[in-house]
Amino acid sequence: MIRFLKKLLSPVAGFHVESGRNASNHPGDLMWVANRETARETRHQLQTGDPFCDPLARLTEARTRGRRLSLPIRLESLARIREWLEKNDPFTKLDAGSMHLLAAALHEASANIIEHGYGGTRAGEFELWWVARTGSGNGEDGRLDCRNPLKNSYFLILDHGMAFSADDREETDFMDPEAWRRGRGLGLDIIFRVMTRVAYRPATTQGNITLLAFDPGELTSNERQLRHA
Amino acid sequence: MLESFYLSKSKERDDPVVLRVGGRLDAKSASHLVETGQEIRSRGKNLVLNLSRVTFIASSGVGSILAMVEDFHIAGLELSLADLSPAVEAVIKLLNLDQFLPIYADEPNAVAALEV
């Protein structure tokens, strides 16, 4: 029933699907959230305190006090992501393994935008932001939780390419030889295993917004399982 | 400073051939790796990929390696990975591919395992 509703409503402008470990009281459930500035969304946000429910507010927050990296629309530009992370706190304090994985996940999210959103190299740029939030997660005063400044912070990618979402993704089955021969489709596996939360918010009034939350403390072998299913 | 991709191949008569890979292994450089692997496979040689100098690996790089392993297997040949850099090891383990891929801690052991 859920899949039927997804397929029915996905093309409808302003609707999107998000899934996440913290998105509902039932881990693994898909949560339907309207992308429009509706009273229902506002009530939902107030009820859950879920910052990922309001992408335009997150974009405003990013533009107000986030750190921005502008990326030309070509795959070669994505090497700048690692350089950007390595020059900015709190990422400079990440252990090497976490840094590799964070850079990889942001690379994959950005590469998908270039390849699927823009169809390859184009003139122009898209934006990657990092926004710090408070330890409480509501971001009202913008202070960092200094014990773990990455916790409750998020990355935001803003692009103006074709809208797409990864809500229909399936985790790669490495037991399937065809998956090996195909050799593709692993980018989403990387994104969803590294990030604690991923939300696609295509076709907002400001463009396509992708929200990603990262907590290096979650990168353990036991946690490396499919999230957001 | 961007890390340039490079491939360094051992002597032509060797079996297995050792291919030392360095720099960023992404969509663009992965195609060069695949082409070189195809050439080695066409000569009926086994292959060891030394990945100790890979500074970044994208999903396209991982996918290319998987496809190459499968292609060598289909051809009755072997392809092994050796001396994974921290960047490669992090992604391989993230995807739990260390359970599926033939990985050796260092090049000499990988070569010894495949020597004809």
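In the predicted model, 26 residues of chain A and 28 residues of chain B take part in the contact (heavy atoms within 4.5 Å). Residues are numbered from 1 along each chain as its sequence is written, and chains are lettered from A in the order in which they are written. Local features need pLDDT of at least 70, side-chain atom pairs count only at pLDDT 80 or more, and totals for chains, interfaces and linings use all residues, while side-chain values use heavy atoms, without hydrogens and water.

About 2300 Å² is buried between chain A and chain B, 70% of it on carbon and sulfur atoms; buried area is the accessible area (1.4 Å probe) lost by two parts on being put together, summed over both. Elements giving two or more residues to the side of chain A that touches chain B are α4 (79-87), α5 (96-117), α6 (177-182) and α7 (186-194) of chain A (DSSP runs of H or I, at least four residues, numbered from the N terminus). The most comes from α5(A), with seven residues.

Within chain A, strand β6 (residues 197-204) has seven of its eight residues buried (under 20% relative accessible area, 1.4 Å probe, protein chains only); strands are DSSP runs of E, at least two residues. β6(A) pairs with strand β7 (residues 207-213) of chain A in the antiparallel sense over six bridges, where pairing requires at least two DSSP bridges. The two strands, β6(A) and β7(A), form a hairpin with two residues between them, and Thr204(A) stands opposite Gly207(A) in β7(A).

Note on methods
Buried means under 20% relative accessible area, exposed over 50%, partly exposed in between (1.4 Å probe, protein chains only).
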